[in-house]
Amino acid sequence: MFDLLAQVPPKVNFWSAAPNTSALYGKVFLAFMLGVGFVFLCMNLPTRYRRTLISVLTFVAGLFFVLSFVWPKAEGRAPDTLPNGVVESVAWWLQDATGPVSGMTSTLTAFLLGLGAFSMLRVHIGRLVKQQKDWGFSLVLLISMFVMMIIGYWDWRTVNFTMKETNFNNPDNWIGITYAKDLVFDGILQKMDAAMFSIIAFYIMSAAYRAFRIRSVEATVLLVSALIVMMSLLALGDLMSSKFIGMFTHGDKSHFMANFTLSEIYGFIRAAFQTPSIRAIDFGIGVGALAMGLRLWLSLDKTGGTN
Amino acid sequence: MPYATIKIFCGVIATIGLYSVLYKENKFYRFFEHMFLGLAGGWMLVTLWTESLKEAWWDAMWGRVSDGANPVIEQNGNYLWAILLPIGAMGYFVVSKKHAWMSRIPIGIIIGLWSGQQFSAWLKKYGPQLQASMSPIAPTNAESFFRPIPADPADLAEISKYTYGSQAVVNFIALVTLLCVLSYFLFSINFKAKSMNAMTKMGRYLLMIGFGAIFGSTVMMRFSLLIDRMYFIFIEFFKNTLFHIN
Amino acid sequence: MSETVETKSLGEKLLSIPKPVLYLVLILATALPLFFPMALPNEPKDMAVKLNESINALKDGSTVIIQSDWTESTRGESRGQMDILLRMLMRKNIKFAICSAADPQAPEVFRNLVLQLNKERKAKGEREYEKWNDWVELGFYPSGEALGQGIAANIRDAFGGKRDAPPGGQDRPVFESPVLKDIQKVDDLGMYFVVTGTKSIIIAIERFSDRVAMGGMVTGVMGPETSNYFYSGQLKGLSSGLKGVYDMCSLEERDHPGTTMLKREEQYILSLHAAIFLLIIAVVVGNVGVFLTRRSK
Amino acid sequence: MLDLIAQADRPPVVGTQYYDAGKVMMLFTFMIVFFLLLNIFRAGKNKDLYIRRIAGLNAIDEAIGRATEMGKPVLMVPGLGALNAISMQALNIFGYVTRTAARFANPIRLCCGEPAVFTVAQEIIRDVYQSEGVPERYEPDSVRFLSDRQFAFAASVSGIILREQTAATFFMGEFFAESLIFAETANSVGAIQVASSTEITQTPFFIAACDYVLIGEEFYAASAYLTRQPVLVGSLIGQDWTKLAFMLFIVMGTVMNTMQLRSKATEAVDGFGERTPLTEDRLVLPNETTMGRIFGPAKPNPATMKPREADPEAAAPEGGSQ
């Protein structure tokens, strides 16, 4: 069992088989069928066992990391050595298996991505077929989706397989498909990302104009500390304040007034208020997440319609 | 027209198209919004295989042989990864009315893996933060109230060992802030005492100072992104590409 | 918002500036300074000074890992950060390996930057930074958590499957390269840098900041949150936002004049001043408007 | 489990190669887990427990009521985060929102940016309609996956807000830069916004632009507050105990640090936990205080470790770079 998840490279054991062998093909097929069998089993599972099954799977999945947390860690491990004793073997196994086990999350999430794509297609093809309002834009969406997909895979295949020897990192070697991919991805998609991100600046402007009013103690406090920080982070504001304070200190950095430049004041706000208040909220959020994690792990929560 | 010009032109048009929503929702924006969503969706389906599944799942399952002159087995196939496909596929049962519950199985595994990590992640994240909250609140060096400015930078290490009076005061205020804000997040305790009520109220004000400071520093970043876009449109496109002024 | 009156008082006028006008003024305020560059005086912050010192204290020829988690969308700040970091590392002949955990596009954005820097070095007659001998790519990892956990557990396993090629050569495992051949565990690295616009730096800090000196280069928005880790000693230095880039450039320019992109950063900083100034005016106008309308009632 | 801790607890002598993982802090973690579980089981018996008022949550019904009056949809966004406690919590709150909306036959829009979250959301929302006895009111397209790309998602949500003129919007979960795009767009169509981000950097923007904001842990308290389920309320009390323990621990640590750092050191402690008597006259260093040793536990000394045997099955040199 220990080598199941710890993918120690060249060793072959019960849990792995050498590439390109019929043994591996057969075993992959068997494993796949095992999974399919599990799906059919679930489809016919009596209702009362459903909850238990999900709870057990959740618990087992979480147990791995809980075990790695409580198990003593092996120190000073060098390659190609054997562990001393059972405790250390387990520690090594846990260490080796961490990567593949954490990888399971992204693999499973990746499988679920298709569901997202299905949702998009359902909404937009539906709109197109029924000629609903804005169906033209749905068409734009579908076309750009397929164009991007075709160009993306074609480019990937070219770069990684069909023209593997060519160094496409150098633009001098580019061919038609690399240009096409660069145009849709770098030229358009990425630029749209940047445009949407920068649009926030406009919204900050309008939010500041409309909502930043001195109407309560809280709002005033927020506004004043925001202004001080902005001024102190500006190179000019910072410098002006130190010039102003310089009139009192005459360049003597240990002068009492030297503590009142904008950046010193921001330093004070940060050390005395910002850092501890972020930390306090963070502690709260962390405890909340831990509590929720514990409840989810032990399936104590009832979610959705069952509450 | 050289490729670089076409590329930058497309980028500028797309940028302006998205910016047009600032005036009002219009067809131009709607066009680019849907194009954006389509391109992003297409790219998602590309990376689904090329970035996520190919290496982490497919290659891990079939094993890998190096393609040098003397092929060496780098990794044996872990055939059990094949089970993940049907399990992942169970998520799709969510669209079925009868078997929707089965989508909970891959979800349960993802949630389980996440929850299990919380214990060690919690400790690693908050341990040092807890420690950093325990700075001394009385000076360990009473020679001067303010932290002295070292004449020689080499003295800095020596000075950093001590807590001076002014630092102790800041540490004390920080401690009070931390406790007040934490007490604001006590939900189940009904404070009868006025002093405790004042403390949670104070916590909220102190929180606002912190939020103001975050706002101030965040604003800088948002503006710098806008400036970068302006640089892109006006300098990189208009000035350098269109009119060739350098 | 307010009821329609035949003639608006000054206060009401101040409160009813249409949003598009506000936006147009912002565009002008940020775009115009780009055409009229001017150097603003500056004083570097201690977080940036410490980062500069830590990089300068690295042994010549040692190896660092850079986790590059930025793309086009935070280019305004992150490009400057990465640019100055690479320039400093290249000046000190430090080898680097590069990985990303936030966006699959990050490696390409990074690669383009190295290409550009190499072009510049060639033009100046300096040695180009060679793939495999001076730097390697460790690729993209979809999960920052898994990457961090993997690096902390066993760096040789975490990157063991990655391959890169010397110029014109065959793909070989990255740990055979001159860059990584002596790295057995994360502790062997000179430093670990994270250039990011996301929380990925905090994930990395959580996983192995106790094992290796870490330097952070983050966007302004991540600055305050990340600065906590600088003050708790988990980060050896931190450059935050445009001001951080400006600080780093000025510090480097002070010791090695003419080696950075200080000119471009100066333009950015000037525009930033105009924008923030405008923001403050908007807040003042809004508040004066409220004050005047309230008084007239 | 306890003897495992004892294993970690052994002083680093010859033969011990286990990294001391910080046993005190590990015990502290177990204490929190104990607090949570204890209170969850305790709360099952006592139904009438106090939770302080959370303004943003009282606004939920008001917001939905207004949307119903105007006949406009309610928009919910669970953030862009992966499937974890935060998005599960957001979906729990949205389950409550949907239940209220379902009673008034108000249309809903739930926009997801993560496929796993989208999967759960579909199941939860359909469940809600079923348990309310109105399964026919559930439209499959009301729960949508938009994009996993942050700003494509933002552009699309803005488009939906502007075109459908949503009357009530709920932004809860992990929001990043897109928070202000949503909040200002929703404001421009006059929607009531209830928001919460576990990302502290985004909270000030929500405070500036939204009508009601749940700050920090209020977000986690929300489902206990709304549903009064014993498990949730118990967990909330456990969380409060934990925070009290934090406060106590921090005050205690501060006092101890203050006292110890001001006193003269008699012996030096190195990174392996070994002590040597001091000859020079100096103060105690931060890593030598009690708290310093709790947070920075000693590592076993490699010099005293029992050597490990070479692996006879190890591969040939070129394959050895594992």
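## Interface of chains A and B, and selected local features

Four salt bridges, that is 4 salt bridges by the rule applied, cross the interface of chain A and chain B; the term denotes a side-chain nitrogen of Lys or Arg within 4 Å of a carboxyl oxygen of Asp or Glu. One of them joins A:Asp182 to B:Lys7, with the closest N and O atoms 3.0 Å apart. The model is predicted: local features need pLDDT of at least 70, and side-chain atom pairs count only at pLDDT 80 or more, whereas totals for chains, interfaces and linings use all residues. Residues are numbered from 1 along each chain as its sequence is written, chains are lettered from A and ligands numbered from 1 in the order in which they are written, and side-chain values use heavy atoms, with hydrogens and water left out.

**The interface**

The rule also finds 19 residue pairs in polar contact across the interface of chain A and chain B, both residues being at pLDDT 80 or more. A polar contact is a pair of N or O atoms within 3.5 Å; within protein, one must be able to donate a hydrogen and the other to accept it, and residues adjacent in sequence count only if both atoms are side-chain atoms. On the side of chain A that touches chain B, the elements giving two or more residues include α2 (22-43), α4 (85-129), α6 (176-211) and α9 (262-297) of chain A. Helices (H or I, at least four residues) and strands (E, at least two) are DSSP runs, numbered from the N terminus. The most residues on this side, 25, come from α6(A). By class, this side has 96 nonpolar, 24 polar and 17 charged residues; Ala, Val, Leu, Ile, Met, Phe, Trp, Tyr, Cys and Pro count as nonpolar, Asp, Glu, Lys and Arg as charged, and the others, Gly among them, as polar.

In total, 137 residues from chain A and 127 residues from chain B take part in the contact, defined as heavy atoms within 4.5 Å. The two chains bury about 12300 Å² between them, 80% of it on carbon and sulfur atoms; buried area is the accessible area (1.4 Å probe) that two parts lose on being put together, summed over both.

**Backbone and a loop residue**

A:Asn20, in the loop between α1 and α2 of chain A, has a positive phi of about 60 degrees although it is not a glycine. A:Asn20 is exposed, with a relative accessible area of 59%. Buried means under 20% relative accessible area, exposed over 50%, and partly exposed in between (1.4 Å probe, protein chains only). A:Ser299, in the segment after α9 of chain A, is likewise not a glycine and has a positive phi of about 55 degrees; A:Ser299 is partly exposed at 27%.

C:Thr71 lies in the loop between β1 (63-69) and α4 (75-91) of chain C and is buried, with a relative accessible area of 5%. Beyond its neighbours within four places in sequence, C:Thr71 is in contact with residues including A:Gln190 and C:Asp103.

**Aromatic pairs**

Over all chains, the search finds 55 aromatic pairs. Rings of Phe, Tyr and Trp (its six-membered ring) pair if their centres lie within 6.5 Å; planes under 30 degrees apart count as stacked, over 60 as edge-to-face and the rest as tilted.

| Pair | Centre distance | Plane angle | Class |
|---|---|---|---|
| C:Phe96 and C:Phe110 | 6.2 Å | 85 degrees | edge-to-face |
| D:Phe171 and D:Phe206 | 6.3 Å | 5 degrees | stacked |

D:Phe171 lies in strand β5 (residues 168-174) and D:Phe206 in helix α8 (residues 203-209) of chain D, 35 residues apart.
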